[in-house]
Amino acid sequence: MIRKVRMMKRSARAVLLACAALSMAAQAQAQVQVRDQARPWLDKSKSPDQRARAAVAAMTLDEKLLMIMGYGGADLSKEPDDVVPPSVKADVAAHFIQGSAGYVPGIPRLSIPPQWQTDASIGVRVEKMARTALPSSLATAASFDPGVPEAGGRMIAQEARKSGFNTLLAGGVNLAREPRNGRNFEYTGEDPLLASAMTAGLIRGIQSQHMVSTMKHYAVNDQESQRTTVDVTISPEAMRQSDLLAFELLYEQAKPGSVMCSYNLVNGRWACENDYLLNKILKQDWGFKGYVMSDWGAVHSTVDAANFGLDQFTGYPCCNHHGASFAAKYMKPALDSGAIAMRRLDDMATRVLWPLFDSGVFDDPAKAGPIDFKADALVAQRAAEESLVLLKNAGSLLPLTDVKSLAVIGGHADKGVLAGGGSSGVTPVGGNAVPGLEPKTWPGPVVYLPSSPLAALRSGLPKAKVGFASGDDIAAAVALAKRSEVAIVFVTQWMGEGMDGTLALGAQQDALVAAVAQANPKTVVVVESGGAVLMPWLGQVPAVLEAFYPGARGGEAIARILTGKVNPSGHLPLTFPASDAQLAHAEIPGFGKPDGLPVHVTYDEGAAVGYKWYDAKGYQPLFAFGHGLSYTTFAVSNPQVHVDDGLLVVGATIGNTGKRDGGGVVQVYVAPADPRAAGWEAPKRLVAFKKFALQAGGSGAFVQPVDMRLLATYETADDSWHVKAGTYRVLADQAADDLPLAVDVTLPEMTWSAVHKP
Ligand code: BGC
């Protein structure tokens, strides 16, 4: 009985406690509601526009100014206090992630988080943080499958979140107009449709993880020589049909929260204070809602930069900057005098905040945590396996299956695979496999990712005797090749930011290949390059695999393709010229000279970039855009072409006609019967592509509408796109120079405005 009373007493107390807890929870919730009413940007039910505007409305002038000025890693202690206020110096010193790219202070009073910015084109780049590197962006573009960079983007964003970042400087989409551009490896090729789709995959993947991504470098930043002073002349028509079309399609597909404007001038105006590019095209015509951040140090003024469209000065003090143009010291007098309107400052701050709400950064902040490097390496390996391009395979020398002896030569294949230099370079997990190579300084050091093709070949071919020669001594390499059944020569071309290169392979590598090929007719060449290279020895070797920079598990991917465990399915995202004489520009202005020369480049080839240039000139390249072989065979058939409500709809069927499973790519091009009458820069343009994973004997089909801008010309006079009436030939197959399927279609005259605010 006594026990029962005690129990009753206990349960009564529990009820009382529970009630108290409930009422405390209710009170807390009520308090949150009151607070959220007073701070509507915390209210998740409101739209990102409403939240960003409400937050800015609550800011003081100094707080708004905090949003538009970002800092790099340099020591700010010596900066004058009226340029960088002491509170900002202390904040940056306490919160900047060392070795990263940038930091924009937050406003704790209003719960606005700082922006932690890191480069992330192929992986999180922080000097002392080892992270996973995907293959170069050019390599993943060769997969012709946007799902590949999308998976990579998710992986990078997760590593970035776990490293404390919320803003990724990624999404390079400059066209490979200049094949010697040292940053082509960071971009996604020469065609606006392919480049936009592949970069869109990356950005979609990144932003799906509650992260802001840029797209960059806007715009026409197509050479690195003199990148901070070069003035690019190009007509608005050509620009809209080439470089800007890639950005436009990318923006529509992936909605990046930020756009990074580039270092160069375009038609006489700095890209980061270019009214036409930033205000007219990006913000007005395309309806871009996020913010324009400067490339590091690319700001030249206060009033013009603000009024002509720059929203955030980033990375101060860095990279030969031209003064802290958006610091309070310069902004306040401009605001006081009315040279910059207060509503423009509000617009700048609102634009900076909008993507933080839109992408989920605000509601789901990044948290440091452990990274599963094994799982992430597999993402990188899969990307490489989908992307490497088999360029030649005479006599089906590849895949190597029951080979008894193998000579592996050159390219540091005993240690790892090459990566590109500059701000996209990732500190590899496991360290640099070949430290100490030249150049050691920016955009170096040269980095080899520790994924040895030699080791992977040895484990993939356990019964074969596999020897290695560094290639430094050609005679020794030849001797090894002579006593081996098959020789594999690895050749490399290192490219990096802030420099351009040559298409010729350096350091006697051509002589090495030629000598080995002469010694052993079964010679395979594996190319690790930033982009296109010349191959004077091509006729002497039966097989060539283009690996670009194949990423953290590149060695494994190369070995698995060479030994047939993976069937190659990459296709070239850019044309390989047969010689320098085929290039649109004999010289790159300012090439090889010290930076800072006020050079000029005129892109008079206009929109005829890449394969369009070769077609227009009737040149036969070494390898065409879209070329790529497989260990199986595909046949494209059943072309579908019709006009539906003013839209061209195309499609085709692809069948795997060989004995192995494999990935096949259908490419659809359109060629006007009269390209001049149609106003086109070249005979044909890519309008659709699709990759299929097909079992032997299997087939796949697709039908999709064509974006009519791909058939149009842009005309400045009425700011509109135009399709000229006439006959157009729809061509389909597996490469730009291999298009036997043709169907004619008649299109009516069409015109529509280039202004398409969503
Ligand atoms: C590069 C950008 C990069 C930035 C920050 C600049 O030099 O051009 O691509 O995002 O540095 O590292």
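Reply: A polar side-chain atom of Arg-227 lies 3.2 Å from an oxygen atom of the ligand; a polar contact is a pair of N or O atoms within 3.5 Å, and within protein, one must be able to donate a hydrogen and the other to accept it, while residues adjacent in sequence count only if both atoms are side-chain atoms. The model is a predicted one, in which local features need pLDDT of at least 70 and side-chain atom pairs count only at pLDDT 80 or more, whereas totals for chains, interfaces and linings use all residues. Residues are numbered from 1 along each chain as its sequence is written, and side-chain values use heavy atoms, with hydrogens and water left out.

Two further side chains make contacts of this kind. For His-217, a polar side-chain atom is found 2.7 Å from a ligand oxygen atom. For Asp-295, an N or O atom of the side chain is 2.6 Å from an oxygen atom of the ligand. Taken alone, the ligand exposes 310 Å², and the protein buries 93% of that (accessible areas come from the Shrake-Rupley method with a 1.4 Å probe).

The ligand is surrounded by 13 residues, each with a heavy atom within 4 Å of it. Asp-119, Arg-183, His-217, Asp-295 and Glu-497 are the closest. Sorted by class, this shell holds six charged, five nonpolar and two polar residues; Asp, Glu, Lys and Arg count as charged, Ala, Val, Leu, Ile, Met, Phe, Trp, Tyr, Cys and Pro as nonpolar, and the others, Gly among them, as polar.

The site of the ligand is the largest pocket. On a 1 Å grid over the protein atoms alone, a pocket is an open set of points with protein on both sides within 12 Å along at least five of seven lines, and a molecule sits in it if more than half of its atoms lie within 2 Å of its grid points.

Gln-226 belongs to the loop between strand S5 (212-218) and strand S6 (231-233).

The C-alpha atoms fill a box of roughly 90 × 80 × 55 Å, taken along the principal axes.

Technical notes
1 Å grid on protein atoms, 1.4 Å probe; cavity = no way out; pocket = protein on both sides within 12 Å on 5 of 7 lines; lining within 4 Å. Helix = DSSP H or I, 4+ residues; strand = E, 2+ residues; numbered from the N terminus.
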